[in-house]
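Here are some notes for a colleague who is meeting this structure for the first time. Please keep the model open while going through the numbered points.

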Amino acid sequence: MPDITFDINGTPVTIDAENDDALLYLIRDRLGITGPKYGCGVGVCGACTSFQGGELVRPCIVPMSEAAGQSYTTIEALAVDDVLHPVQQAWIDEDVAQCGYCQAGQIMTAVKLLERNPNPSDDDIDEAMSDNYCRCGTYHRIRKAIKRAAGNG
């Protein structure tokens, strides 16, 4: 197996992997970073949403051959010095999580939304979050948390 080097949460890693192994499996199973969840495995549900080079990515469909030399951020890197990211804090304040399975992907998508649009409307939030599915149906609380994190809730 070839060695593949990439950066995850600010730490460079080199790992032996087949080029067609999905990045998500390596992140979760080999590196023990369990924030990104396996949901659909085809990049549709958003449970694994993370950042690649600062942009949203679904690591369940990223083959390791594309990961080499890249930089990835998972939800584990959002809090700094034990201080939660404002979106994470808003999630707690609005009691968003039910089963919690999709929450890491939801939060990563919300963080990116607020970076692009610090004062999103309901329609902006619905559009940005439309590719992240929550089987518990907490969409109303997700919207409230995003508004709270934006300072409008």
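1. A salt bridge is taken here as a side-chain nitrogen of Lys or Arg within 4 Å of a carboxyl oxygen of Asp or Glu, and by this rule the count comes to nine salt bridges. The model is a predicted one, in which local features need pLDDT of at least 70 and side-chain atom pairs count only at pLDDT 80 or more, while totals for chains, interfaces and linings use all residues. Residues are numbered from 1 along each chain as its sequence is written, and side-chain values use heavy atoms, with hydrogens and water left out.

2. One of the salt bridges joins the side chains of Arg143 and Asp122, at 3.7 Å from N to O. Arg143 belongs to helix α6 and Asp122 to helix α5, so this pair ties together parts that are 21 residues apart in sequence. Helices (H or I, at least four residues) and strands (E, at least two) are DSSP runs, numbered from the N terminus. For accessibility, buried means under 20% relative accessible area, exposed means over 50%, and partly exposed lies in between, with a 1.4 Å probe and protein chains only. On that scale Arg143 is partly exposed, with a relative accessible area of 25%, and Asp122 is also partly exposed, at 29%.

3. Turning to the strands, two of them pair if DSSP finds at least two bridges between them. Strand β1 (residues 3-8) and strand β2 (residues 11-16) pair in the antiparallel sense over six bridges; within this pairing, Thr5 has Thr14 of β2 as its bridge partner, and Phe6 has Val13 of β2. The hairpin of β1 and β2 has two residues between the strands, and Asn9 takes a positive phi near 55° in it.

4. Strand β1 also pairs with β5, here in the parallel sense and over two bridges, with Tyr72 in β5 as the bridge partner of Ile8. The covered face of β1 holds Ile4, Phe6 and Ile8, while Asp3, Thr5 and Asp7 make up the uncovered one.

5. Two kinds of surface patch deserve a look. Patches are made of residues with over 30% relative accessible area and no salt bridge, where like charges are joined within 9 Å and nonpolar side chains (Val, Leu, Ile, Met, Phe, Trp, Tyr) within 5 Å. Accessible areas come from the Shrake-Rupley method with a 1.4 Å probe, and for residues only the protein chains shown count as cover. Val42, Val44, Ile61, Tyr133 and Tyr139 make a nonpolar surface patch of about 480 Å².

6. Asp123, Asp124, Glu127 and Asp131 gather in a surface patch of negative charge. Lys and Arg count as positive and Asp and Glu as negative, with His and the chain ends not counted; the place of a charge is taken as NZ of Lys, CZ of Arg, CG of Asp or CD of Glu. Glu127 lies in helix α5 (residues 122-128) and is exposed, with a relative accessible area of 59%.

7. Finally, two contacts along the chain may be checked by eye. Gln70, in the loop between α2 (64-67) and β5 (71-73), is 17 residues from Gly53 in sequence and 6.6 Å from Gly53 in space, C-alpha to C-alpha. Gly151, in the segment after α6, is 65 residues from Pro86 in sequence and 9.6 Å from Pro86 in space, again C-alpha to C-alpha.
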